[in-house]
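Dear colleague,

I am pleased to hand over the structure shown below.

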Amino acid sequence: MFLNKDVQPLYNEKGLLQGVFIAANKWFENKSELEAILFSQQEANPSARTVFNEEPLKDWETLLSYWDFNYPVEKIVKCKNCGSCTDDWTLDDPKKFRLKAANLGGLVSFLCLECQHRVTKKHFKDHICYECSPFTCQAR
């Protein structure tokens with residue numbers, strides 16, 4: 001079904017499989033089949049259900065545990081659309097941004113709770129690139 005470049009296993013420091021990265025084009029080509037498989041497992045096993053409103057803090061913690069960038073961890077998040085800003089998104093109360101995704105490649109995205117735009121931080125070896133775009137949701 002997939003070529004090797006389209007599916008990449010992700011292993012932890014002990015060599016145990018933690019997850020699988022599927023290229024976006026392959027996900028969209030096979031979305032209905034994959035969702036049917038994934039969600040049928042959730043129906044059969046209620047403990048496997050994901051709570052979609054929760055932040056993926058485990059993914060953030062995994063990124064931190066493998067941090068190898070040439071600068072310290074930065075928790076600043078800025079929305080270029082509405083101007084909302086925080087020095088530390090983990091401490092805000094009430095929250096200004098909700099963590100939506102984080103991965104080992106250094107890509108971290110947030111939902112601005114003020115204007116619903118997606119704020120993306122791309123961590124490169126020596127700098128961070130910020131992007132802000134309207135959030136679009138594709139229904140299942």
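Which residue is the bridge partner of Lys122 in strand 8? The bridge partner of Lys122 in that strand is Cys129.

Before the details, a note on the basis of this account. This is a predicted model, in which local features need pLDDT of at least 70 and side-chain atom pairs count only at pLDDT 80 or more, while totals for chains, interfaces and linings use all residues. Residues are numbered from 1 along each chain as its sequence is written, and side-chain values use heavy atoms, with hydrogens and water left out.

The sheet

Helices (H or I, at least four residues) and strands (E, at least two) are DSSP runs, numbered from the N terminus. Two strands are said to pair if DSSP finds at least two bridges between them. Four strands make up an open sheet, in the order 5-6-7-8, with antiparallel pairing. Strand 5 and strand 8 (128–134) are the edge strands, each pairing on one side only. From one strand to the next, the twist averages 25 degrees; axes are lines fitted to C-alpha atoms, for helices over the stretch in contact, and angles run from 0 to 180 degrees between N-to-C directions.

Helix 3 (residues 57–65) packs on the sheet and touches strand 5 and strand 6 (107–112). The direction of helix 3 makes about 65 degrees with that of strand 5. Contact here means heavy atoms within 4.5 Å.

Strand 7 and its partners

Strand 7 (residues 117–123) is joined to strand 8 by seven bridges, and Arg118 has Ser133 as its bridge partner in strand 8. These two strands form a hairpin with four residues between them. Five bridges join strand 6 to strand 7, where Ser109 stands opposite Thr120. Strand 6 and strand 7 also form a hairpin with four residues between them, and Gln116 in the turn has a positive phi of about 70 degrees. Six of the seven residues of strand 7 are buried, that is, under 20% relative accessible area, against over 50% for exposed and in between for partly exposed (1.4 Å probe, protein chains only).

Lys100

Lys100 lies in strand 5 (residues 97–102). Lys100 counts as partly exposed because its relative accessibility is 31%. Beyond its neighbours within four places in sequence, Lys100 is in contact with Pro56, Ser109, Phe110, Leu111 and Arg118. Lys100 and Arg118 are 18 residues apart along the chain, and their C-alpha atoms are separated by 8.8 Å.

Yours sincerely
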